[in-house]
Amino acid sequence: MACRISELVIDCADPERLAAFWGEVLGYVELSREDDGSIEIGPPAGAGGPQPTLVLSPSGDPRTGKLRLHIDVNATDRDQDAELERLLGLGARPADVGQAGTESWHVLADPEGNEFCLLHSRLQPL
């Protein structure tokens, strides 16, 4: 028997802001809010499906160094260039993590500076 990733928890300074950003990026909706300020977002069908939910958890701890884990995304209904423009319009910004400039992906940062990559291939929507 194997495990499956059901949720990813991201510590952040402003859960509201990141929930709005990642909700737009992924087409996710708010699923729940906790008393500690955490917000869980996920696919409109809810938790437990093939896509993991994101839990944006408030933290005052400063980030130090490069992230050890980052998210990769693929467009589902447009090409990479059009998706890049959409993500930049939502508040993503280009990030430099030492890439050579010849990669087939774009390294971006969310509104709190967390790096993620926009990959080249288009995936089928679920």
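Let's start with glycine 91 and what it touches. Contact here means heavy atoms within 4.5 Å. Leaving out residues up to four places away in sequence, glycine 91 touches Phe21, Ala109 and Pro111. Where does glycine 91 sit? Its place is in the loop between α2 and β6, and β6 covers 93-94. On labels: helices (H or I, at least four residues) and strands (E, at least two) are DSSP runs, numbered from the N terminus. Glycine 91 is partly exposed, with a relative accessible area of 31%. The cut-offs: buried means under 20% relative accessible area, exposed means over 50%, and partly exposed lies in between, with a 1.4 Å probe and protein chains only. Now look at Phe21 again. Glycine 91 and phenylalanine 21 are 70 residues apart along the chain, yet their C-alpha atoms are separated by 7.4 Å.

A word on the source. This is a predicted model, where local features need pLDDT of at least 70, side-chain atom pairs count only at pLDDT 80 or more, and totals for chains, interfaces and linings use all residues. Residues are numbered from 1 along each chain as its sequence is written, and side-chain values use heavy atoms, with hydrogens and water left out.

Next, two strand residues. Valine 29 is in strand β2, residues 29-33. Is valine 29 buried or partly exposed? At 35% relative accessibility, valine 29 counts as partly exposed. Its contacts, again skipping residues up to four places away in sequence, are Glu40, Ile41, Gly42, Pro43 and Pro44. The C-alpha atoms of valine 29 and alanine 19 are separated by 8.6 Å, and the two residues are 10 apart along the chain.

Isoleucine 39 lies in strand β3. Isoleucine 39 is buried, at 2% relative accessible area. Beyond four places in sequence, isoleucine 39 touches a list of residues including Pro15, Glu16, Ala19, Leu54, Val55 and Leu56. Take Val55 from that list. Isoleucine 39 and valine 55 are 16 residues apart in sequence, and 5.7 Å apart in space, C-alpha to C-alpha.

On to the core. A nonpolar core is a set of buried Ala, Val, Leu, Ile, Met, Phe, Trp, Tyr and Cys residues joined through side-chain atoms within 4.5 Å. The largest one here has 19 residues, and Trp22, Ile41, Leu54, Leu56, Leu87, Leu108 and Phe116 touch the most other members. Which elements each supply at least two residues of this core? They are β1, α1, β3 (39-42), β4, α2 and β8. The largest share, 5 residues, comes from α1. In soluble globular proteins, nonpolar side chains tend to be buried together.

Stay with tryptophan 22. Not counting residues up to four places away in sequence, tryptophan 22 touches Gly27, Ile41, Leu54, Ile71, Val73, Asp110 and Phe116.

Tryptophan 22 also turns up at the largest pocket. On a 1 Å grid over the protein atoms alone, a pocket is an open set of points where a 1.4 Å probe fits, with protein on both sides within 12 Å along at least five of seven lines, and lining residues have an atom within 4 Å of a point. The largest pocket has 45 lining residues, and Leu8, Trp22, Leu26, Leu54 and Ile71 lie nearest its centre. By class, the lining has 26 nonpolar, 8 polar and 11 charged residues. The largest share of that lining, 5 residues, comes from β1.

Last topic: salt bridges. A salt bridge is a side-chain nitrogen of Lys or Arg within 4 Å of a carboxyl oxygen of Asp or Glu. How many are there by this rule? The count comes to 6. One of them joins glutamate 115 to arginine 63, with the closest N and O atoms 3.1 Å apart. Glutamate 115 lies in strand β8 (115-118) and arginine 63 in the loop between β4 (53-58) and β5 (71-73), so the pair ties together parts that are 52 residues apart in sequence. Glutamate 115 counts as buried, at 17% relative accessibility, while arginine 63 is partly exposed, at 39%.

Then there is a network: salt bridges link Asp77, Arg78, Glu83 and Arg86. Arginine 78 meets aspartate 77 at 2.9 Å, N to O. Glutamate 83 pairs with arginine 86, with the closest N and O atoms 2.9 Å apart. Those two are 3 residues apart in helix α2 (80-90), about one helical turn. Glutamate 83 is buried at 6%, and arginine 86 is partly exposed at 24%.

Conventions: Ala, Val, Leu, Ile, Met, Phe, Trp, Tyr, Cys and Pro count as nonpolar, Asp, Glu, Lys and Arg as charged, and the others, Gly among them, as polar.
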